[in-house]
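Let's take a friendly walk through this model, starting with its disulfides and moving on to its sheet.

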Amino acid sequence: MKSILLLPLVALLSLTSLSATPVSAQTPSHPTTVPAFLLSDIHLDPFHDPAKFAALHSTPATDWAAILYAPASPTQAADFARLQSACNAKGADTPPALLQSFLHAARQQQPHPLFATVSGDLLAHQFDCRFHTLAPTATAAEYSDFAAKTVYFIALQLRETFPGSPIYFALGNNDSGCKDYREDPDSAFLQADSVSFANDALTSLNRAAILRTFPHLGSYTITLPAPIQHTRLIVLQDIFQSKKYTACNGTSSDTAAAQQIAWLRAQLTAARSAHDHVWVMAHIPPGIDAYATFAKHRNVCAGQDPEMFLANDALASTLSGFPDTIRLVLLGHTHMDELRAIQSAAGATTPSGTIPAKLVPSITPVNGNNPAFTLAAIEPSTATLQDYTVFSADNKTGIDTRWSEEYRFSTTYHLPDLSGPSLAKLTSSFVSDKSGTSAASQAYQQFFYVGDLAAAHGLGSAAKAAAMQIVWPFYACAITHADTPGFRTCACPAQPTP
């Protein structure tokens with residue numbers, strides 16, 4: 001394969017979606033399941049109308065709705081354009097109108113979910129630049145306070161939308177009290193967020209668990225509500241695992257990351273000893289960053305290493321040691337609708353050694369994708385993700401936005417659930433399908449990038465097929481292999497016999 005072809009092909013893929021077998025309109029019957037929302041990458045932009053910033057800065061988050069949802073100021077468009085330019089923004093994050101539209105649409109689909117998860121990145125991109133452009137003399141403490149108020153406002157909006165349902169949050173790389181990919185253990189930002197998230201946990205035991213451990217490294221363990229049985233949710237702020245992570249002062253250290261991995265292993269070991277099921281939620285996925293690998297022309301088959309999401313394999317290897325305990329891993333970060341099969345520590349690709357991971361599509365449309373949220377159906381006795389449906393918006397503004405079902409897992413892939421055995425079967429078919437032309441492969445390709453933009457850009461089927469023919473085998477290997485040797489073995493053709 002010639003790596004020089006990959007960047008334009010990846011760029012092409014970002015504008016296209018391939019045709020797939022139509023999704024059945026018949027709603028699958030799951031009489032024994034319970035509903036839950038899986039959300040990620042909200043990226044609320046409270047600076048969308050810069051003229052409102054002064055009022056937000058001086059007002060408690062409990063009173064923000066009246067400001068953010070009020071009619072736009074007369075200079076909103078021009079002010080926002082200047083702020084985008086000042087911060088070198090490459091797209092627009094979630095304006096308040098889109099947040100409001102999403103919440104309304106989600107409540108229409110399911111007003112009483114058992115719970116909801118948010119797998120990180122609540123704050124807008126370039127949050128620090130936007131804040132300091134509008135408040136150039138503000139202190140570091142004022143910035144941290146405003147960031148925490150924004151997090152609290154989002155948590156409050158979800159609580160008001162689903163008042164009887166607990167909401168469980170992870171933080172992402174944009175969720176910081178100082179700067180993107182930066183944070184300090186025991187920071188004022190983490191302290192404030194622990195209070196916000198504890199309030200949304202609803203039960204006293206779960207509130208206490210969050211308040212006890214979250215302020216240190218943004219991690220906690222709670223118990224999922226009945227009727228789900230014997231199931232723990234372990235949450236990580238895995239910014240500390242990122243290769244881009246530094247402390248707020250810019251210094252690098254792996255101490256926090258090592259502490260977090262040791263804590264995670266202890267939590268998983270305790271759950272295994274208690275014969276409990278586990279869900280794990282973080283933001284940044286472990287494993288291969290396929291897009292960055294392609295975009296940076298990394299010739300993996302010639303010996304170059306692929307790009308990784310995290311600094312090392314510690315998170316992936318820790319998770320892979322507990323295939324008997326972990327029922328689901330929830331992630332975000334890429335903004336796309338993706339799956340990962342985390343294989344057992346022994347490297348086996350057997351169904352029993354596969355842990356299913358779901359990368360939840362984003363609310364933000366910043367990468368050109370349409371906003372989306374996911375409604376899950378969970379089998380309570382085993383904590384298995386039985387099915388899920390993705391709903392997407394028809395525009396990116398929240399104004400006169402219609403949300404509709406994009407696809408349903410069960411009727412798209414014809415599998416009984418998203419368990420380890422089911423995902424092993426699906427992903428092995430992806431790896432075997434080198435041309436990316438099977439119905440399942442094409443469905444994945446279509447729904448990966450939320451919103452069908454092919455017609456809008458007038459791109460022909462021949463160009464789409466040529467792009468996917470090159471990219472698909474490598475991307476499929478990134479789904480199934482989180483480590484460099486495994487990815488290289490999967491992605492690279494065998495050497496010919498001399």
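Cys477 and Cys490 form a disulfide, with 2.0 Å from S to S; the term covers a pair of cysteine sulfur atoms within 2.5 Å. Cys477 sits in helix 17 (residues 461-480) and Cys490 in helix 18, so the bond ties together parts 13 residues apart in sequence. Helices here are DSSP runs of H or I with at least four residues, strands are runs of E with at least two, and both are numbered from the N terminus. The link is left-handed, at -75° about the S-S bond.

Cys477 is buried at 0% relative accessibility, and Cys490 is buried at 14%. Buried means under 20% relative accessible area, exposed over 50%, and partly exposed in between, using a 1.4 Å probe and protein chains only.

## How the model is read

This is a predicted model: local features need pLDDT of at least 70, side-chain atom pairs count only at pLDDT 80 or more, and totals for chains, interfaces and linings use all residues. Residues are numbered from 1 along each chain as its sequence is written, and side-chain values use heavy atoms, leaving out hydrogens and water.

## Other cysteine links

The whole structure holds 4 disulfides. One of them joins Cys301 to Cys492, with 2.2 Å from S to S. Cys301 is partly exposed at 34% relative accessibility, whereas Cys492 is buried at 15%.

## The sheet

Strand 6 (residues 277-281) and strand 7 (residues 326-331) run parallel, joined by 4 bridges.

Technical notes:
Two strands pair if DSSP finds at least two bridges between them.
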